[in-house]
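Please find below my note on this model, written to be read beside the sequence and the coordinates.

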Amino acid sequence: MMNNKYMSAISTPEYDHVFWNALRGKAADVTRLEAGKLRNVNTYGLPSSDEKQMEEELKKESLPRRITTMIYALGNEFTIMQRDTEDTAAWVKEGASIPIYDGINDFERNNIGFFKLAGITKFDQDFTRDATFNFRKYLMDRIAKTMGRSEEEAFIVGDGLKMPTGITHPEKGAMVEVTTTELSYDDVIKLFFSQEAEYRDRARFIMNDQTALQLRKLKDADGNYLWRSSDDTILGKPVTISNFMPNAEAGKMPLVFADTSYYWWVIRKTISIRALIEKFAANDQIGYLSMEFLDGKLVRRKAAKAIQIG
């Protein structure tokens, strides 16, 4: 976790006041502001009263925050233990021995890294100092949109080198179960049943708009549509649209069927901000550097299956 001194500092009304004064380009109590400074990144943590709002806005804008397992690992640990078990209870006669399951091998270590996501947003100084303009809300909404879009891109196509590992990564993402030259009704059925029942129960289809349009047109031999328009499901499973998913083109993975609870979205440091006053002063603007550190990875590949175009 973040240290207690830092958490205490950003929780005070005084820090809230100096933080937003600094972002508006006004004079601020440097001592109080420095108490919320994040080591080695030269940005300042949001006041505690704003962190929850930022989280809510990010959840609206960021697909992985809505459909994956969110983990907050704000300390210095670089591994997280994943647990899986095949424990079963057994019916036994009175006096008979009870089976013992050895759970030593149930745990798997997952290394968690640091990937920095950063962006700069500019505003005219008139906006930041206008008492009738809700600058606080507007800035957080704007940052959430920018960061959320980049988070979704990483979740889908991240290379695992300069950003988290995406669910379409060829070696660490979804497993290719169906290879085809053109998406068909039978291909989707094959994909659906290639998934083990354990993961199929909570799985969802992930695709972009172009693939969705193709699948909406598919019918079986009796003229029944594959896609049920009344609730936007395929074979009873929800459809998630992300336009970072690739089109149905050669070598691409346009359709993933996954239990995304086995994709972990790990927050290492929450969003922090710094005003860049001098850099844009000549244009009567203030820039805002926003930054967060996170990782994301599919921790169980067999929970995600895909169709690839050959």
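This is a predicted model: local features need pLDDT of at least 70, side-chain atom pairs count only at pLDDT 80 or more; totals for chains, interfaces and linings use all residues.

1. Residues are numbered from 1 along each chain as its sequence is written, and side-chain values use heavy atoms, with hydrogens and water left out.

2. The protein chain has 10 helices and 14 strands, these being DSSP runs (helices H or I, at least four residues; strands E, at least two) numbered from the N terminus. Its C-alpha trace spans about 70 × 60 × 35 Å along the principal axes.

3. Of the 310 residues in the protein chain, 47% count as buried, that is, under 20% relative accessible area with a 1.4 Å probe, protein chains only. Of the contacts (heavy atoms within 4.5 Å) in the protein chain with a separation of 6 or more, 77% are between residues 24 or more positions apart.

4. Arg24 lies in the loop between helix H2 (13-23) and helix H3 (30-34). Arg24 is buried and yet has no salt bridge, the nearest side chain of opposite charge being that of Asp16, 7.4 Å away; a salt bridge would need a side-chain nitrogen of Lys or Arg within 4 Å of a carboxyl oxygen of Asp or Glu.

Key. Buried means under 20% relative accessible area, exposed over 50%, partly exposed in between (1.4 Å probe, protein chains only). Lys and Arg count as positive and Asp and Glu as negative; His and the chain ends are not counted.
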